[in-house]
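Biologist: I'm new to this one. Could you walk me through how to read a few of its features?

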Amino acid sequence: MREIIIGELTQAFQQMARDVAHYLPRLIVMLIIALIGWVIAYLLKLMVRSLLRLTKFSKLSENAGAAQLLHQAALPSSTELVSRFVFWISWAGFVLLGVSVLGIAGLQEYISRFFFFLPRLFVAFVILFFGLVAASFFARAALLTAVNANLRSSRMLSVAVRFIVIIFALSMTFEVLGVAEQTMLIAFATMFGSAMLGLAIAFGLGGQDLARKFLERKLAPQHKEEREDELSPL
Amino acid sequence: MKVREVGLAEENLLTDEFLRQLINIGEVDIVVGVSTHNHAKTIGPVIAAIQAGILKCFPRERVAIINADGGSQDGTTELVTSATIDDLGRGTKVYALRTLHSISVRYGRTPDPCIAMQTILAAADLLRAKVCALISPDSTTIEPDWLQRLARPAYIDNFDLVCPVYQRQRFEGALVRNLLYPMTRSTYGSRIREPYATEFAISGRLATEILNNGFMNQEWVRMGPEISATVFALIGKYRVCQSFLGPRPPSSRGAQDMVAAMRRTVGALFASLDGNFPFWSAINGSQPVPTVGARIEVPEETTRINRKRLLDMFSSGVAQLEPVLSSILSASLHSELRRIAALDIDAFEYSEELWTRTVLEFAASYHKSTINRDHIIQALVPVYRGRSLMFVMENRDGSEEDVERREESLCADFERLKPYLLEIWADRK
């Protein structure tokens, strides 16, 4: 009985030793890959940070309104955020590469999915960033045009333009990521449609007088005095 | 006639038909250029005045009228080419000793002041004209003497650029008086009253130089070719003078025209500072420019200005554009603007120094492109309304001398604060 127990134990230990001996080099390889990955990711982070500083990315994101959003959410600056994003994505990629060396069944598929997902994540990030830039640009252009045309609700118009462009960029981002595509599409269409309908009703019913005046101003010939509210500049 | 080599720029710009017409003319002494786009209502009297001017002042000279048209649909070009000098001769009993040529060329389907000017200068260059005078088709106040006043200093006295001095109503030309003249004077060091002129004359030598070296292909030149010609002459140290012309036709006063005028003039002036920094940064003070002719007095007309509306546009503009202005102006200046925007009409005061600092900070922000450059120019419009209100309030009861004195004081502020411009220009923040 005693011999049997010792024999089984010995066999189990031997099996474990064989398994460890089998996995240990892979584990070491994984650790080496992760370590090298960390170094490469860190270097990439430094490179991206320098490049972004050189191209005045923070200024661009400040103009886009992204910097204010990050500040309100107590997040680091846009340059720091992008360089950290690059670091973590790169390092996670290397770690997963290392994990794949272990040959654990079932993990391989998830790892390949992750690498397949990376380009889409990048594209989504670019779309979101340029969406914010475009939203800021068009909102400012609308604000300036409205102020110079002496419209009363210039700020509201500008906010509406910003809101619409951001919603549009977000829906595109989610579509690229493949997250709740249908929901986002329906939400966007509903919001846009209801906003337009709301504006039309508000303008047509709520502001009948305003609508009449607006159309009169647009279609009827203006009086000289109304047009000439500036000093002759030149 | 000498066969002349056509430059590459001219070759691309001028059509075969136009070249053929120019070759038929041969050489001329003076080219009068008129750039048009749907100007049928005004072009007739302008061409008639030009022809009368030629008959009266340059009867022995070889003169050609070149009309560069940007796709008129109202028969403007036909009006130019069909006008003959003989009609004038019968009325005045003065006859031309030379054939007067009138050519109209369509350079495109849409108006482009830069291409129009390039076309006229290229024609003057090909015709070996000694002088090229440019006349605005909107000049409803033009008189035959204008041509002599513009062209003679270049033709006889060898000046390279002859700028006009208009006689204005007290509140006319507020942008020129409050920004363009003081800013050009302090930066480029020459007291040219009308840096943005729609009528001016240039020598053949200057026209050729302007056409060469791709000057007219630069972005800032395309924005405002008129003001660019002045800047080019000042930088190249060409001989510049001014000539009293007479009353300037009133320009449009609509809000949209204000933005367009700001782009064409202030936008081009700010943009010109970028590439010419070594020149203007070394200039201290300003020098007077020789002025020929006699001042022509015009009777004062009553102009109704709605001051409350101007204040309202200024106040609401400063309030609504707060996020935009905060990216353009320093915090202290921005807060000062907010303070005066909250004042009542009776207590309102936008001082000369504050206005000067505002303009200089806008120029520096334009240089650094803190936001989109066109947005910076648009943001200046409501702020300028505040200054124009002050201009009206200051000069409401003043004489012509008072207006001149205040203008001089503003120019002195611009010159005094030039080191401030240099300081914020170099500031990397």
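Biologist: At what angle do helix 17 and helix 18 of chain B pack, and how far apart are their axes?

Modeller: A quick word on the ground rules before that. This is a predicted model, where local features need pLDDT of at least 70, side-chain atom pairs count only at pLDDT 80 or more, and totals for chains, interfaces and linings use all residues. Residues are numbered from 1 along each chain as its sequence is written, chains are lettered from A and ligands numbered from 1 in the order in which they are written, and side-chain values use heavy atoms, with hydrogens and water left out.

Modeller: Helices (H or I, at least four residues) and strands (E, at least two) are DSSP runs, numbered from the N terminus. Axes are lines fitted to C-alpha atoms, for helices over the stretch in contact, with angles from 0 to 180 degrees between N-to-C directions. Here helix 17 (residues 352–368) and helix 18 (residues 373–395) of chain B pack at about 175 degrees, their axes 10 Å apart. That makes helix 17 of chain B roughly antiparallel to helix 18 of chain B (an angle over 145 degrees counts as that).

Biologist: Which residues of helix 17 of chain B make the contact?

Modeller: Contact means heavy atoms within 4.5 Å. On the helix 17 side of chain B, they are Glu352(B), Trp355(B), Thr358(B), Phe362(B), Ser365(B), Tyr366(B) and His367(B).

Biologist: What sits in the loop between helix 17 and helix 18 of chain B?

Modeller: Ser369(B) is found there. Its phi is near 50 degrees, a positive value in a residue other than glycine.

Biologist: Now for a strand. Which way do the side chains go?

Modeller: In a regular strand the side chains alternate between the two faces of the sheet. In strand 2 of chain B, Val63(B), Ile65(B), Asn67(B) and Asp69(B) point one way, while Ala64(B), Ile66(B) and Ala68(B) point the other way.

Biologist: How many residues of strand 2 of chain B are buried?

Modeller: Buried means under 20% relative accessible area, exposed over 50%, partly exposed in between (1.4 Å probe, protein chains only). Seven of the seven residues in strand 2 of chain B are buried. Asn67(B), for one, has a relative accessible area of 0%.

Biologist: With which side chain does the side chain of Asn67(B) make a polar contact?

Modeller: A polar contact is a pair of N or O atoms within 3.5 Å; within protein, one must be able to donate a hydrogen and the other to accept it, and residues adjacent in sequence count only if both atoms are side-chain atoms. For Asn67(B) the partner is the side chain of Thr36(B), at 2.9 Å.

Technical notes. Parallel < 35°, antiparallel > 145°, perpendicular 65-115°, else oblique.
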